[in-house]
Amino acid sequence: MKSTTRENVMHNWKVIQLVMVTGLLILMLGLSANLPAKAEKGSDSASEWFKVADNTYVFRYRFYFTLFVKTENGIVAFDPISNEAAEHYAKAIREAAPGAKLKTIVYTHWHTDHSTGAKVLRREFGSNIPIIAHENTYNRLKGLTDSDVPLPTKMVTNDGLVLKDDNNPIELKYLGYAHTDTMLIAYLPKQKLVFGVDFVNHDSMGWRDLPGVDIDELISMQKRLMKIDFKTITFGHGRPGGRQVVSRQINYYETLLKEATSAVNKGLSEDQAAKSIVMDKYKNWQNYDNWFTMNVRGAYRFVKEKAG
């Protein structure tokens, strides 16, 4: 099911972000209950930062989360999120690591609701700060010609890349193409921590009707993630968690796919499947009431399309 067409259906972001506003506002309301109990400094209604492991910090802006890491040679900052978020992000970095320089910016993937804002960080910390991303991210962003999203200056292949540092090495890994074929995750072996964005979340439904998502590959990506020796995972949406959070996500999508496949095999229509499939185990997850039925519809269409 890997195809550029499937991804393009989901990610003409200049158009689709307008549609996302309503859904993400719902997500924001759900995530508010899962924010860390206490931020170390600089918390306000829109943003905060907090320490998640040694020399490792999470920054939140509204319903988005990202990661920054203090290394021997400076800060490695992931996903700036947006120009507005990056103004707060720069302040958070300075509060968490006074006097530290910004060494590198890393885009986890090309979607502009995560990758925008690097020009603000460069304005604050230095115009020549390198930007690292998957080579496919470069190819996607090159086609946008968006001045708010500076192009990556160093590309990573599917083989990944290690940002070497005596104190805090960071491994950038490519695990698959389910959400997008531009996705990198970060692994910090000393902290046994990973940072994963969008293809895995903290006890939340998938976004709406899972547009463009290859569910088989999504499950495979999450299982590949579980092969990494981590104890803590931080997300692009939602508070940090442990390995059990990823296990629950795998179980959810495997069950969803099983139920959708059963509905198709029984000859049910999409509407009938949407009405009949109820997974009570997940009713307490974020956005169950708003998005679960849409998840069912997306899974049903995926099974039908796969069957040809």
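Author: The buried residues of H7 pack against strands E10 (185-188), E11 (193-196) and E12 (232-235), plus helices H8 (243-265) and H10 (288-307). This is a predicted model, where local features need pLDDT of at least 70 and side-chain atom pairs count only at pLDDT 80 or more, while totals for chains, interfaces and linings use all residues. Numbering starts from 1 along each chain as its sequence is written, and side-chain values use heavy atoms, without hydrogens or water.

Reader: Which residues of H7 are called buried?

Author: Among them are Ile215, Leu218, Met221 and Leu225. Buried means under 20% relative accessible area (exposed is over 50%, partly exposed in between; 1.4 Å probe, protein chains only).

Reader: What makes H8 oblique to H10?

Author: They pack at about 60°, with axes 9 Å apart. Under 35 degrees is roughly parallel, over 145 roughly antiparallel, 65 to 115 roughly perpendicular, and the rest is oblique. So H8 counts as oblique to H10.

Reader: Which residues make that contact?

Author: Tyr252, Leu256 and Val264 are among those from H8, and H10 brings residues including Phe292, Val296 and Tyr300. Contact means heavy atoms within 4.5 Å.

Notes. Helix = DSSP H or I, 4+ residues; strand = E, 2+ residues; numbered from the N terminus. Axes fitted to C-alpha atoms, helices over the stretch in contact; angles between N-to-C directions.
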